[in-house]
Amino acid sequence: MGRSGFNIAEQGHVVQMLAPLSVSAATSSEVISMENWSHVSFICMKGAGSSATIQLEECTSFAGAGAATRIFSYAREATAAGDTLSALTIATTAGIAMTTASGVLLVIEVDADELTDGYPYLRLKCADPGTTHLGAWVAILSGGRYQEDVTSTVIA
Amino acid sequence: MSGINISEQCHYVNLFEPDAYSSAASSEVFSMENWSHATIIVHKGAGSACTFRLEECTAFAGTGHRTFLPYTYTAESTALGDTLSAAAAGTTAGVAITTGDGSVLIFEVDAAAMSDGYQYMRVFHDAATTTDWGALAFLSGGRYQKSEGATAIA
């Protein structure tokens, strides 16, 4: 990224992992392929409602075959309506809980070379939150192998 | 390129948290004073179409707000797709996000394009019927950049 910034639409690739939704049961996201990208940042946004624990899974196909939870690096804004993330920290395979505050956010950073051989696919999931909360998850992939201004799909 | 670690190389601002919006509103105001570029991502769930436009202003309070040009935008109008359109120039009328559940709209703004004295920006939407969506901004090309960036909303 140069001094002029990161034009995400053309220099990255955006995937809506979970469209804004009232989450009331265990939920898994879209599956993405890291085959042609070196890095992905997942942004998990939460609105009003209960806390939710987010986990990262790697798998062997778009269908989510062989899904296995992974450790990951994350940064978090746990204060409602804040915009200052914590320092990056390692989460266990148990995942990380978002707080109950409205307007909090979790950023998960994953390098493709961390993934297990044969497991180039990733997805997010959250356990049953017990009571409803509003959530939305987005993935931004970067460091593309074959990169054009209009990038190709990574979900099929 | 090994990719962009967004949590350390960019700065995010939560413009509209995920919610069911049913009346027009303006977002959090953020400052572009120390950043050269902003990407604003609007992601929509179920509900009606609505139009978003960018406004520049002279203070965090939204003082002197006026419609901002020039900017470019891209969109994914297909439900649950992930292939954006080519970048197109936006107009003062703003850009509509479609009714598709899972559609995305992305605005790209260079700080150098903002008017003198108008270094603050916000997003306005005209939602009139209930629609689930959220929006966030990523600021990049920071002047004083650290692994944990300083706030851009106060």
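Biologist: Where is Phe68(B) found?
Modeller: Phe68(B) sits in the loop between β6 (66-67) and β7 (72-76) of chain B. Strands here are DSSP E runs of at least two residues, helices are H or I runs of at least four, and both are numbered from the N terminus. This is a predicted model: local features need pLDDT of at least 70, side-chain atom pairs count only at pLDDT 80 or more, and totals for chains, interfaces and linings use all residues. Residues are numbered from 1 along each chain as its sequence is written, while chains are lettered from A and ligands numbered from 1 in the order in which they are written.

Biologist: Is Phe68(B) buried or exposed?
Modeller: Phe68(B) is buried, because 22 other C-beta atoms lie within 10 Å. The cut-off for buried is 20 or more such atoms within 10 Å; exposed is 12 or fewer, and partly exposed is in between, with C-beta atoms placed from the backbone.

Biologist: What does Phe68(B) touch?
Modeller: Leu54(B), Glu55(B), Glu56(B) and Met121(B), leaving out residues up to four places away in sequence. A contact means C-beta atoms, placed from the backbone, within 7 Å.

Biologist: And how far is Ala79(B) from Phe68(B)?
Modeller: Their C-alpha atoms are separated by 28 Å, with the two residues 11 apart along the chain.

Biologist: Switching to chain A. How covered is β11?
Modeller: Mostly: five of the six residues in β11 (121-126) of chain A are buried.

Biologist: Which strand pairs with β11(A) over six bridges?
Modeller: β5 (52-59) of chain A, in the antiparallel sense. Pairing needs at least two bridges found by DSSP. Within that pair, Ile54(A) has Cys126(A) as its bridge partner. β2 (27-28) of chain A also runs antiparallel to β11(A), with two bridges. There, Ser28(A) partners Lys125(A). β3 (32-33) of chain A is joined to β11(A) by two bridges, again antiparallel, and Ile32(A) stands opposite Leu122(A).

Biologist: What order do the six strands of the open sheet in chain A take?
Modeller: β1-β12-β4-β10-β7-β8, with antiparallel pairing. β1 (13-23) and β8 (89-91) are the edge strands, each pairing on one side only. β7 (72-77) pairs with β8(A) over three bridges. Phe72(A) stands opposite Ala91(A) there.

Biologist: OK, the interface. How many residues come from each chain?
Modeller: The contact takes 47 from chain B and 49 from chain A. On the chain B side, α1 (6-9), β1 (11-21), β4 (35-47), β10 (104-110) and β12 (131-142) each supply at least two residues.

Methods. Contact = placed C-beta atoms within 7 Å.
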